[in-house]
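Here is a short report on one protein and its ligand.

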Amino acid sequence: MIPVSAEDLVRFRRAGRPELAEQIVPGHFGDEAMATRADGACVHLGRPGLPHHCSIYEVRPNICGEFERGSWQCHEARRYAAREAVTTG
Ligand code: SF4
């Protein structure tokens with residue numbers, strides 16, 4: 001789950017994207033998070049012709065910008081997603 005902070009919600013509104021706040025779901029420990037698709041991916045993953053790009057890149061949650069490609073967190077998330085696919089697939 002991709003946590004969404006109160007600061008993110010304010011940024012959505014200021015950027016003229018209040019509808020993004022309507023795509024928030026309950027997350028862990030009372031936090032809020034981005035909704036996910038049936039395959040577990042964020043609902044904002046993918047642009048026309050660019051399936052691996054963020055469709056809300058300019059206003060994406062802060063945590064998305066802090067998630068460094070190739071970091072141990074990235075590898076851990078990929079391992080977790082693969083494990084989920086095996087257990088639910
Ligand atoms: S970068 Fe975009 S597509 Fe990826 S998790 Fe964040 S909001 Fe979703």
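The report covers the fold, the sheet and the ligand shell in turn.

**Fold.** This is a predicted model. The protein has three helices and five strands. Along the sequence they follow the pattern β-α-β-β-β-β-α-α. The radius of gyration is 14 Å, close to the 12 Å that the globule rule gives for 89 residues, so the protein is as compact as a globular protein of that length. Along the principal axes, the C-alpha atoms fill a box of roughly 40 × 35 × 25 Å. Buried residues make up 10% of the 89 residues. Among contacts with a separation of 6 or more, 46% join residues 24 or more positions apart.

**Sheet.** Three strands form an open sheet in the order E1-E3-E2, with antiparallel pairing. E1 and E2 are the edge strands, and each pairs on one side only. Two bridges link E1 and E3 in the antiparallel sense. Val-4 stands opposite Glu-32 in E3.

| Strand | Residues |
|---|---|
| E1 | 3-4 |
| E2 | 24-26 |
| E3 | 32-34 |

**Ligand shell.** Which residues surround the ligand? They are Ile-2, Met-34, Cys-42, His-44, Leu-45, Cys-54, Ile-56, Arg-60, Pro-61 and Cys-64. By class, the shell divides into eight nonpolar residues, one polar and one charged.

Key: Residues are numbered from 1 along each chain as its sequence is written. This is a predicted model: local features need pLDDT of at least 70, side-chain atom pairs count only at pLDDT 80 or more; totals for chains, interfaces and linings use all residues. A residue is near a molecule or strand if its C-beta atom, placed from the backbone, lies within 6 Å of it. Ala, Val, Leu, Ile, Met, Phe, Trp, Tyr, Cys and Pro count as nonpolar, Asp, Glu, Lys and Arg as charged, and the others, Gly among them, as polar. Two strands pair if DSSP finds at least two bridges between them. Helices (H or I, at least four residues) and strands (E, at least two) are DSSP runs, numbered from the N terminus. The radius of gyration is taken over C-alpha atoms; the globule rule is 2.2 Å times the number of residues to the power 0.38. A residue is buried if 20 or more other C-beta atoms lie within 10 Å of its own, exposed if 12 or fewer, and partly exposed in between; C-beta atoms are placed from the backbone. Two residues are in contact if their C-beta atoms, placed from the backbone, lie within 7 Å.
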